[in-house]
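Me: I would like to go through this model feature by feature. Please give the general idea each time, then the case at hand.

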Amino acid sequence: MIRLGFGARLILIFLASLVALQLLAMTAFYLQRSQDTDTGLRLPLPDQASALVELLEATPKDQWPLVLRSTSGTDLRVRVSDQRPEGREAAWYEAPVIELVLRRYLAALGGREVRVRVEPSSELFSGPMQVLSWISPGTVEIDIVLKSGETLTVAAGGDLSLSVMGIPPGFWAGVLGVAVALVTMLMVRREALPLRKLAEVVDRMNLPSKADFVPDAPRSAPEIRALIAAFNRLSARIAALLNARMALVGGISHDLRTYATRLRLRAELIADGNERAKAIQDLDEMNRLLEDSLLAIETGNPARSEELIQIAPILEREAEDRCRSGATVSVSISSDARCAELLGDPVTLRRLVSNLTDNALAYGREAAISAEVRGTELHISIDDKGPGISPEHREAVLEPFVRLEQSRNRRTGGSGLGLAIARNAAEAHGGRLTLEASPSGGTRARIELPLLQAATSTSV
């Protein structure tokens, strides 16, 4: 079966719309003609034709030219001839008009002999196209035999000024055009529906999770089906590559932890206390770096376990833990935020808050945590009193291994993964993490998470 391309389908829809519009206009024209008292032509009314016949029969022949001249015009021509009308059989394309004219005129003409002839309005109406002559005739001639034997011929052109229900035809042409345009838009929308589905799948695709395939559209154009198939193959390859990367990093992290454990055991055997402490500290930092690297990859997935969570206990516990270690951390939670519930992974959310709090304490000496509800979202802000981050660097520091402090020393700048892990954790819960200037002069990390009510109302 031959399938038209996307461009060919659009052209076909456009041409079909034009043909439909033309057919509707022709139908309206014919319906209006059939309701007109003059058969859609500028012919005299039947009683007027009868009056003209009686007037000629009652008037001397020398005055007939005056009567004929007074009734003839641009669209109506009247003449009298001595020849009787031809008795030829009507052509098939003349039959509809002839039948309509005879039905209206015979009764008024008192049984006189009447003949009707139809001439096409254009030379194009020849051969098979003559079927259109009755829709748009050029000339209709009615031959009426008078009592004196002469023949009165009344000829009228096919031009007609239309009005449907008293409204000009231009208005109805516009209405028909709008209707055809709406149908065309619906057909084009149907052809583009697979592309919209493709865009939706791309937007909700979570990497490196299982590939989310776009369903095939058997009735769509070949180009669209090819695009869908190519995207599905690409999605499968990307998911396979990223899962392989995750497995590789996990394997490397596991093996490195094994060697780090062995080195830790050997470090305990170092006789010099200072050297032993430095070696153990370096090994601990290496383990933390490995854990952060693996976590930065894993948090790119959606929350692994989901349950109802109240954010207030997480924030308060984080502040208490920091205060016990001597840090300055304050918490301010509004009443509606204290009762708000989220759907997510509590471990991942606590890691999110912990990383941002650690970052605020490392660069700003103290942290102020606040939470409030805005619409259908929970907003958590963590402010510090540090030097702040310039606007051009705020987006960059959310990337893995990006640090404004370039010494690469973990004591001064960390591994550069904390903010990246926090952003991935927020996005895994359908939220977002942004950095902005704090009113206290430092940096504010703002977390925006969707509330459970928003997710519920969306799914209903």
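Me: How many salt bridges does a search of the whole structure find?
Reply: A salt bridge here is a side-chain nitrogen of Lys or Arg within 4 Å of a carboxyl oxygen of Asp or Glu. The search of the whole structure finds 20 salt bridges. This is a predicted model, in which local features need pLDDT of at least 70 and side-chain atom pairs count only at pLDDT 80 or more, while totals for chains, interfaces and linings use all residues. Residues are numbered from 1 along each chain as its sequence is written, and side-chain values use heavy atoms, with hydrogens and water left out.

Me: Which residue forms a salt bridge with Glu 57?
Reply: Arg 112 does, with the closest N and O atoms 2.9 Å apart. Helices (H or I, at least four residues) and strands (E, at least two) are DSSP runs, numbered from the N terminus. Glu 57 belongs to helix H2 (residues 46-58) and Arg 112 to the loop between helix H4 (95-105) and strand S2 (114-120), so the pair ties together parts 55 residues apart in sequence.

Me: Is Arg 112 buried or exposed?
Reply: Buried means under 20% relative accessible area, exposed over 50%, and partly exposed in between (1.4 Å probe, protein chains only). Arg 112 has 15% relative accessibility and therefore counts as buried. Glu 57, at 28%, counts as partly exposed.

Me: What does Glu 316 meet in a salt bridge?
Reply: The side chain of Glu 316 meets that of Arg 338, at 2.7 Å from N to O. Glu 316 is in helix H8 and Arg 338 in helix H9 (residues 335-339), 22 residues apart, and the pair links distant parts of the chain. Glu 316 is partly exposed at 30%, and Arg 338 is partly exposed at 37%.

Me: Which residues are joined into one network?
Reply: Salt bridges that share partners join Glu 318, Glu 320, Asp 321, Arg 322, Arg 324, Arg 350 and Asp 358.

Me: What is the strand order of the open sheet?
Reply: Strands of a sheet pair through backbone hydrogen bonds, either parallel or antiparallel. Two strands are taken to pair if DSSP finds at least two bridges between them. The open sheet has five strands in the order S6-S8-S9-S11-S10, with mixed pairing. Strand S6 (328-333) and strand S10 (432-437) are at the edges with a single partner strand each, so one side of each has no neighbour in the sheet. From one strand to the next, the twist averages 20°; axes are lines fitted to C-alpha atoms, for helices over the stretch in contact, and angles run from 0 to 180 degrees between N-to-C directions.

Me: How many bridges join S9 to S11?
Reply: Seven bridges join strand S9 (residues 377-384) to strand S11 (residues 443-450), and the two run antiparallel. His 379 has Glu 448 in S11 as its bridge partner.

Me: Which strands does helix H8 touch?
Reply: Contact means heavy atoms within 4.5 Å. Helix H8 (residues 311-324) packs on the sheet and touches S6, strand S8 (366-374) and S9, with its direction at about 160° to that of S6. Helix H12 (residues 418-428) lies across S10 and S11, at about 130° to S10.

Me: Where is Leu 152 found?
Reply: Leu 152 is in strand S4 (residues 151-157) and is buried at 0% relative accessibility. Leaving out residues up to four places away in sequence, Leu 152 touches residues including Leu 52, Leu 68, Arg 79 and Ile 142. Leu 152 and Arg 79 are 73 residues apart in sequence, yet 5.9 Å apart in space, C-alpha to C-alpha.
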